[in-house]
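Please look over the structure below.

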Amino acid sequence: MTNLTMPRIDKKTILKKKIIVKNLKKILKPENVLDHEDELRPFETDGLSAYKQKPLIVVFPENTEEVSKILKYCSHERIKVVPRGAGTGLSGGALPLADCVLLCLGKFNKILEIDYKNRCVVTQPGVTNLSITQAVQDNNFYYAPDPSSQIACSIGGNVAENSGGVHSLKYGTTTNNILGAEVVFMDGSICKLGGKTFDSEGYDILGLITGSEGLLCIITEVTVKILKTPESVKAALIGFPTIEDGGKCVSDIISSGIIPAGMEMMDKELIHATDNFVKAGYPRNAEAMLIVELDGTKTDVLELMERINKIAIKNKASSIKISKNDKERLKFWAGRKAAFPACGDMAPDYYCMDGTIPRGKLAEVLKEIKKLSKKYNLPVANAFHAGDGNLHPLIMYDSNNKNELAKTEKLGAEILKYCVKVGGVLTGEHGVGIEKRELMCEMFNNTDIQQQIKIKKALDVGSLLNPGKVYPILRKCAEEGRIHVHGGKTKFSDIPRF
Amino acid sequence: MFMEEKQSFPISQDSDLEIPKTEKEVSRIIKKFYKSNIPIEIIGTGSKRKIGKSLQCGKTLNLSKLNGIIEYLPEELYIKVKAGTRIDKIENELKKNNQQLAFEPIDFGYLFLEKSNCGTAGGQVACNIAGPRRLKSGSIRDHILGFRAVNGRGEIIKSGGNVVKNVTGYDLSKLICNSFGTLAAITEITFKVLPSAAENKTLVVHNLNIESSMEYLHQAISSSNDISGAVYLPMFPSCENCKMDIKSTFQLNDLKQNGSLTALRVEGSKKSVDERVKNLQKKIAIPESNISVLESLQSSIFWKKAKNLEFFAGTKNNIFRIVLPPSETSKLLYELPKKFKYFLDWGGAVIWMEACELSEQYFNSIRKKVVAHGGYVSMIKNSDFLPHVEDIFTINNARFDISQSIKKSFDPKRILNPGKMYSGI
């Protein structure tokens with residue numbers, strides 16, 4: 001684990017632990033307050049497991065009133081609060097602090113209302129993404145955003161991170177698919193945002209909190225839009241002799257006016273890794289492979305598939321398979337969905353990156369990643385949401401080898417910097433968290449960051465909610481990479497922290 | 001930075017009107033007013049200037065000269081423009097590549113001036129009032145990938161980028177949308193663009209009452225037919241001072257009857273559009289004489305007129321917009337005294353209403369009812385009878401407090417369009 005500067009630990013809070021626990025047990029059922037070292041261990045990390053830190057206390061509120069009371073109390077006592085949904089986030093957004101109350105939304109696990117008349121579902125934030133679709137699929141409806149972790153990730157976490165998924169090219173990300181939320185701010189005030197209506201009047205606070213990574217408020221209820229299940233869905237599995245051909249095919253499909261429901265690309269390393277893992281029948285001789293999924297009426301899908309076929313042939317496709325039925329289509333996806341565990345099979349550890357680039361730069365960026373992979377002597381397998389240019393390079397390493405994590409992080413940072421250089425961004429769907437915090441200056445200047453920090457301060461005066469995430473910890477951006485801690489002391493210790 | 005400070009821009013000390021041509025000039029002007037605490041009204045071409053409260057600022061910042069397309073990459077599905085670029089210029093450019101702004105920008109010129117004035121990109125973003133395709137494709141806020149702007153301290157800020165998937169930092173694009181110029185003067189916008197459909201057709205069902213129409217719209221939208229427009233144009237209530245005149249607004253040969261219209265638009269390839277129109281027809285047991293199908297050309301005219309609110313052109317009455325859950329629409333309409341005309345868009349999720357003899361008290365009572373039904377109401381056009389309404393929008397105390405804090409973080413001295421949306425913001 002590399003050292004990362006986190007907000008200064010408030011020793012007074014740590015010394016007061018017993019009193020805090022006692023007071024929290026007055027707000028919550030005593031069994032919903034965990035403070036024993038053994039009870040805290042499961043919460044020491046989230047999906048970015050390279051970083052670990054036990055919280056001071058873990059709480060499981062059961063309703064909005066309790067959340068409000070906890071925040072009011074913590075605000076009054078100046079205790080930091082870190083929110084946590086299912087803990088599947090990949091950027092360390094739910095990494096606890098040693099002096100924090102970790103507020104878990106796990107008991108907010110009920111779907112409150114299914115409203116077909118207004119085509120929406122009102123749900124508590126701890127409900128998993130997939131269970132929303134499962135609750136409405138008998139009536140042929142579904143919730144569109146589908147992050148790969150949808151079986152485990154919570155809808156509240158999806159809002160906090162503005163999660164995407166393989167279908168966001170056509171259907172948008174979380175922010176385009178929610179109508180309302182109930183939130184609690186750090187001072188304990190409860191606020192309803194939006195509702196069952198399209199758009200909300202006044203400032204789009206719902207839009208602001210979506211993707212705010214738990215820095216602005218705690219989400220206690222979400223209203224999501226549901227869509228009618230398409231009449232027909234088909235997928236094509238297309239192999240290419242070179243990455244350039246695959247990249248060109250992606251651009252040509254979009255340029256021709258087709259917006260597929262999903263368009264995923266994998267490089268040779270990952271084709272082999274996933275095919276070994278789930279036997280998906282992938283073209284093993286191809287350098288790049290595309291899965292193009294189309295949905296709509298039967299006529300639409302057949303017509304567009306014909307056009308995709310022609311575009312693929314024009315781009316020298318070495319193999320084209322079109323799904324004959326849903327079983328085969330799901331088999332095509334099985335490999336892609338198993339990309340992470342397949343990498344886990346190939347190396348003791350892997351680190352997943354998440355930059356977004358303009359589609360036209362796919363081949364260029366892939367070449368650069370190959371170069372960097374050689375430079376750092378670490379294998380990288382690549383999966384992309386090619387339709388929207390969202391890359392997921394998976395760097396394989398062994399955390400038992402000293403310094404390999406640091407080397408991996410350096411390689412990851414170089415990849416992300418290159419994404420920004422070609423006109424892309426640092427993170428497409430995983431969030432900044434602690435992982436890309438110090439890289440924010442690659443995209444934003446000090447004025448941009450200060451404006452964002454001013455918003456944070458406007459809604460969380462004491463900077464107590466999830467501090468140390470998203471924004472560089474020092475007022476000014478570090479010039480290079482991370483700030484390392486030596487002997488527990490940071491440089492410029494007199495500069496205000498956020 | 002120091003070098004920039006030393007450059008001098010031709011900013012008039014006396015004129016009440018500033019027309020900057022560059023972002024740096026905008027920044028210098030706002031910095032100057034920030035220092036001297038002078039409030040400014042920000043405008044583009046003024047097409048939507050009358051939406052929101054009228055301002056009494058001594059100074060006006062006109063951004064219409066800040067115009068031009070900066071970058072358009074059709075294969076990347078985005079266009080980056082300066083904020084003062086006219087919407088028709090952008091749409092014409094996109095048309096060359098069979099692309100469009102999918103949120104279907106409304107031309108408010110018809111409402112305010114009785115002729116086209118589509119306004120600027122910045123104005124569309126500041127007001128965030130999307131047209132009929134909102135139902136399928138989302139609102140303006142869903143189509144902004146990034147922006148640059150000058151905040152109330154005169155600082156140039158940016159957020160977002162040129163790519164669709166981006167969660168780097170807070171999504172300020174959402175916040176800037178619908179902020180009516182009260183947070184920052186927008187200088188540059190990157191819009192996501194989408195392919196235009198090859199064909200469109202409109203299925204019109206005549207003479208349905210509101211309940212049957214709402215039921216049919218709901219069924220159609222909840223089907224797999226991918227509806228991209230769903231409106232209801234009623235004949236009732238028939239108020240003498242604000243009569244709905246569907247016939248003279250549309251004048252389309254293929255409309256078989258004159259009564260109320262329930263219209264559904266489908267877009268796509270010819271084959272697919274034909275198939276879906278057939279599917280929709282099957283769903284209703286209505287004689288063919290009560291159904292009209294508008295082919296591409298007439299269909300496009302129909303939606304242009306509906307989108308641009310041409311039924312209200314030239315009215316002297318108040319116009320407001322009620323957004324609410326579709327299930328509540330007809331319930332609300334029955335609760336209102338019959339002194340209005342209206343039409344429903346977004347499948348019944350928005351009511352555009354013209355009310356005659358409106359008083360402030362009456363408007364406030366409408367607002368109460370709308371809020372009780374889970375929606376909100378915004379005054380879009382004041383009238384000769386009621387030229388000033390204190391609360392033109394809908395807000396509650398909790399949201400007001402948060403909005404005030406957000407405003408302060410962008411514009412601490414409240415110099416940008418102060419009070420345009422709410423007193424105190």
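Gly423(A) is partly exposed in this predicted model, because 18 other C-beta atoms lie within 10 Å. The cut-offs explain the label: a residue needs 20 or more such atoms to be buried, and 12 or fewer to be exposed. Where does Gly423(A) sit? It is found in the loop between helix H15 (404-421) and helix H16 (440-443) of chain A. Which residues does Gly423(A) touch, leaving out those up to four places away in sequence? They are Pro358(A) and Asn162(B). One partner therefore belongs to chain A and the other to chain B. Met443(A) is 20 residues apart from Gly423(A) along the chain, and their C-alpha atoms are separated by 9.7 Å.

**Two helices in chain A**

Two packed helices are described by the angle between their axes and the distance between the axes. Take helix H9 (residues 243-255) and helix H14 (residues 362-376) of chain A: they pack at an angle of about 145°, with axes 8 Å apart. Is their crossing left-handed or right-handed? The crossing of H9(A) and H14(A) is right-handed. H9(A) brings Ile243(A), Glu244(A), Gly247(A) and Val250(A) to the contact. H14(A) brings Leu362(A), Ala363(A) and Leu366(A). By class, the residues of this contact are five nonpolar, one polar and one charged.

**Domains**

The domain assignment divides chain A into domain 1 (11-104), domain 2 (111-228), domain 3 (232-339) and domain 4 (353-421). For chain B it gives domain 1 (1-196 + 395-425) and domain 2 (198-390).

| Domain pair | Distance between C-alpha centres |
|---|---|
| Domain 3 and domain 4 of chain A | 22 Å |
| Domain 1 and domain 2 of chain B | 29 Å |

Start with the pair in chain A. Their contact takes 19 residues from domain 3 and 14 residues from domain 4 of chain A. On the domain 3 side, the elements that give two or more residues are H9, strand S13 (262-267) and helix H10 (268-278) of chain A. That side of domain 3 of chain A has 11 nonpolar, three polar and five charged residues.

Now turn to chain B. Here 15 residues of domain 1 are in contact with 22 residues of domain 2 of chain B. Which elements give two or more residues to the domain 1 side? They are helix H4 (109-113) and helix H6 (134-137) of chain B. The domain 1 side in chain B has seven nonpolar, one polar and seven charged residues.

**Where the chains meet**

The contact between the chains takes 68 residues from chain B and 71 residues from chain A. Several elements give two or more residues to the chain B side, among them strand S8 (156-160), helix H10 (270-283) and helix H14 (397-410) of chain B. Which element gives the most? H14(B) does, with eight residues. The chain B side divides into 25 nonpolar, 27 polar and 16 charged residues.

**Confidence**

The model scores ipTM 0.94 and pTM 0.94. Chain B averages a pLDDT of 93, and 97% of its residues score at least 70. Over residues 1-14 of chain B, however, the pLDDT is below 50. Beyond near neighbours in sequence, this stretch of chain B has seven contacts in the model. Where pLDDT is low, the predicted coordinates should not be read in detail.

Conventions:
Residues numbered from 1 in each chain as written. Chains lettered and ligands numbered in written order. Predicted model: local features only at pLDDT ≥ 70, side-chain atom pairs only at ≥ 80, totals over all residues. Contact = placed C-beta atoms within 7 Å. Helix = DSSP H or I, 4+ residues; strand = E, 2+ residues; numbered from the N terminus. Nonpolar A, V, L, I, M, F, W, Y, C, P; charged D, E, K, R; others polar. Axes fitted to C-alpha atoms, helices over the stretch in contact; angles between N-to-C directions. Left-handed = near helix turned anticlockwise from the far one by under 90°. pLDDT = per-residue confidence, 0-100. Domains from an automatic or database assignment.
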